[in-house]
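Dear colleague,

Please find the structure that I am handing over to you directly below. My notes on it follow, and I would be grateful if you read them with the coordinates open.

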2 protein chains.
Amino acid sequence: MNKLEQSDAPDLSRLAIHTITTMPWSLEEACEHYASEGVSGISVWTEAIEGRKTSDVKRMIDAAGLKVPALVRGGFFCAPSLAEREVKIENNRRLIETAATLGAEMLVLVVGAVPGQPLETQRDWVRDGIEKILPWAEQHAVKLAIEPLHPMYAGDRSCVTTLGQARRICEVIDHPLVGIAVDVYHVWWDDRLEEEIRLIGNRGELFAFHLCDWRCPTRDMLNDRALMGDGCIDIAKIRRWVHQAGFTSWEEVEIFSSEHWSRDQAVFLKQIVNRYIQIDQKLVS
Amino acid sequence: MNKLEQSDAPDLSRLAIHTITTMPWSLEEACEHYASEGVSGISVWTEAIEGRKTSDVKRMIDAAGLKVPALVRGGFFCAPSLAEREVKIENNRRLIETAATLGAEMLVLVVGAVPGQPLETQRDWVRDGIEKILPWAEQHAVKLAIEPLHPMYAGDRSCVTTLGQARRICEVIDHPLVGIAVDVYHVWWDDRLEEEIRLIGNRGELFAFHLCDWRCPTRDMLNDRALMGDGCIDIAKIRRWVHQAGFTSWEEVEIFSSEHWSRDQAVFLKQIVNRYIQIDQKLVS
């Protein structure tokens with residue numbers, strides 16, 4: 001193979017897919033299909049392994065030759081009472097153990113929100129929660145990635161709605177195992193995006209990069225994400241910023257979509273892989 | 001009436017309602033009911049006066065004893081081609097004339113967005129459009145209020161998603177007729193909210209204050225706004241910041257809600273007025 005052919009060959013070595021993306025599939029089906037399409041990583045949602053022995057899951061994923069960028073989703077630290085927050089913290093400690101058993105590089109933290117509580121107070125709860133699970137993360141060598149969610153989830157899902165807010169939590173905690181997951185869906189609208197990605201990269205806190213697209217119009221606040229290239233996000237531009245910030249790790253496709261879930265998942269997976277290749281070869285923005 | 005009784009009496013002199021809030025009503029019904037409940041202002045949506053002579057509408061509103069804080073909504077400046085943008089600009093000139101005929105203090109600008117175009121480019125289109133309608137605003141003494149929309153509308157409704165972005169447009173144009181409409185629904189999540197309200201107030205650009213609430217969970221991205229007090233927004237806090245910034249003008253209730261539109265609008269209106277009184281008397285946050 002000459003150099004030109006090499007550079008034209010699709011490189012799927014950084015491509016991972018979140019199990020939620022192909023929700024109708026069992027974990028067995030997901031592993032089999034992802035591997036047969038050349039996908040390299042599988043980010044595992046807790047829902048996908050419910051009721052299974054984690055060591056069995058790990059064996060299945062290993063047998064398929066897949067790596068595990070992340071266990072998804074921990075966090076949800078917010079609750080009005082200290083006692084409730086302690087329960088949530090304890091649950092995250094168990095998730096860190098699960099992540100370690102799976103060989104996952106990180107646990108993704110969707111931080112939660114309680115309607116009607118001041119968001120800045122809640123962000124303190126999040127910082128406190130992360131600090132309290134850090135010894136477990138250290139013991140198991142599992143990274144913790146704060147994922148800011150879109151401001152439309154500020155009421156009841158995430159009090160952290162910008163990369164800036166996530167970065168400030170990281171700066172206070174200041175620990176090499178605590179960083180940030182950048183999902184284009186949640187942050188694309190932010191006029192500080194380029195600068196924040198640069199700052200986070202400089203601090204070595206850019207842990208994850210999630211791909212999908214924003215459908216226009218969006219018909220549902222939760223389950224109407226688009227396939228990359230079918231929405232309005234300039235993915236190529238954001239990806240360039242992420243790479244310029246020194247990110248060399250996984251590119252994880254995470255699409256929640258009732259429309260795509262209703263389709264043949266094998267066809268959908270082939271589309272995902274093709275779009276990823278087009279993005280990687282700069283044919284799609 | 002002694003001083004105590006006076007201070008306890010509900011003050012509706014600053015309360016206005018947007019016609020969209022009671023969409024099932026005709027303009028006649030809205031005028032009649034708003035006035036009979038003691039509401040002082042009616043902000044008129046263009047949809048509510050479609051096909052009517054503006055001078056007739058003005059007479060009807062005057063006869064009800066109502067004032068008109070705003071004509072809603074102009075703007076929508078964004079389009080890929082210059083020719084299309086010129087059409088939109090021309091439409092705004094007509095809306096300024098309509099606002100003047102109605103005796104509206106301002107035209108509210110929802111600035112628009114085109115999927116897939118860089119948001120910063122689109123914000124330049126917005127600035128350009130406002131500059132091109134300014135002579136009409138001056139001639140008719142109608143203020144122009146940029147209303148930032150929630151980032152969930154960045155794809156196809158508004159490239160201006162924060163008060164900071166609106167403020168920067170105002171700073172460049174730097175004209176006493178160009179300011180900002182603060183709607184709690186769109187901006188409540190923003191960690192820069194207090195500071196931005198202060199900055200905008202300092203510049204004399206705080207033109208309008210819109211009230212409703214963010215329902216948890218929100219079931220629809222457009223028409224699921226809540227009555228003040230039924231959602232997660234700390235309205236009392238934001239209202240305090242707005243007042244501290246020197247705002248002494250209308251407090252406009254603007255609720256789009258399929259649920260509330262399906263109810264008896266007279267009952268809904270009484271609830272709106274009661275909630276406003278409770279907010280004003282600090283009984284609801």
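In what follows, a residue is called buried if its relative accessible area is under 20%, exposed if over 50%, and partly exposed in between, computed with a 1.4 Å probe on the protein chains only. Helices (H or I, at least four residues) and strands (E, at least two) are DSSP runs, numbered from the N terminus.

With those terms, strand E2 of chain A may be taken up at once. Both of its faces are covered: A:Gly41, A:Ser43 and A:Trp45 on one side, and A:Ile42 and A:Val44 on the other, are all buried. In a regular strand, side chains alternate between the two faces of the sheet. Since five of the five residues of E2(A), residues 41-45, are buried, the strand is largely enclosed by the rest of the structure.

As to provenance, this is a predicted model, in which local features need pLDDT of at least 70 and side-chain atom pairs count only at pLDDT 80 or more, whereas totals for chains, interfaces and linings use all residues. Residues are numbered from 1 along each chain as its sequence is written, chains are lettered from A and ligands numbered from 1 in the order in which they are written, and side-chain values use heavy atoms, with hydrogens and water left out.

The barrel and its strands

Two strands are said to pair if DSSP finds at least two bridges between them. In chain A, strand E1 (residues 15-18) runs parallel to E2(A) and is joined to it by three bridges; here A:Ile17 stands opposite A:Ile42. In chain B, eight strands close into a barrel with parallel pairing, in the order E1-E2-E3-E4-E5-E6-E7-E10. Neighbouring strands of this sheet are turned against each other by 30 degrees on average, direction ignored. Axes here are lines fitted to C-alpha atoms, for helices over the stretch in contact, and angles run from 0 to 180 degrees between N-to-C directions.

Within chain B, strands E3 (residues 70-75) and E4 (residues 106-110) pair in the parallel sense over five bridges, and B:Val72 stands opposite B:Val108 in E4(B). Helix H11 (residues 265-280) of chain B lies across strands E1 (15-18), E7 (206-211) and E10 (251-253), running at about 140 degrees to E1(B).

Contact means heavy atoms within 4.5 Å. A:Ala99 belongs to helix H4 (residues 82-102) of chain A and is buried, at a relative accessible area of 0%. Leaving aside neighbours within four places in sequence, A:Ala99 is in contact with A:Leu71, A:Ala104 and A:Val142. Its C-alpha atom is separated by 9.6 Å from that of A:Ala137, 38 residues apart along the chain.

B:Ser158 is placed in the loop between strand E5 (143-146) and helix H6 (163-173) of chain B, and at 0% relative accessibility it also counts as buried. Its side chain reaches the backbone oxygen of B:Val160 at 2.6 Å. Leaving aside neighbours within four places in sequence, the contacts of B:Ser158 include B:Val111, B:Glu147 and B:Tyr153.

Salt bridges

A salt bridge is a side-chain nitrogen of Lys or Arg within 4 Å of a carboxyl oxygen of Asp or Glu. A search of the whole structure finds 52 of them over all chains. One joins B:Arg239 to B:Glu251, with the closest N and O atoms 2.8 Å apart. This pair links distant parts of the chain, B:Arg239 being in helix H9 (residues 235-244) and B:Glu251 in strand E10 of chain B, 12 residues apart. B:Arg239 counts as buried at 5% relative accessibility, and B:Glu251 counts as buried at 0%.

B:Arg192 and B:Glu196 meet at 2.9 Å, N to O; B:Arg192 is partly exposed at 38%, while B:Glu196 is buried at 2%. In chain A, A:Arg127 and A:Asp124 meet at 3.8 Å, N to O. These two are separated by about one helical turn, because they lie three residues apart in helix H5 (residues 119-140). A:Glu90, A:Arg93, A:Arg94 and A:Glu97 are linked in a network of salt bridges.

The two copies

Copies are superposed by least squares on the C-alpha atoms of residues with pLDDT of at least 70 in both. A rotation of 180 degrees, with 0.0 Å of shift along its axis, superposes chain A on chain B (RMSD 0.0 Å). The two copies are thus related as by a two-fold rotation axis. They meet through the same surface, because 100% of the interface residues of chain A are also interface residues in chain B.

With kind regards

Notes. Polar contact = N/O pair within 3.5 Å; in protein donor to acceptor, adjacent residues only side chain to side chain.
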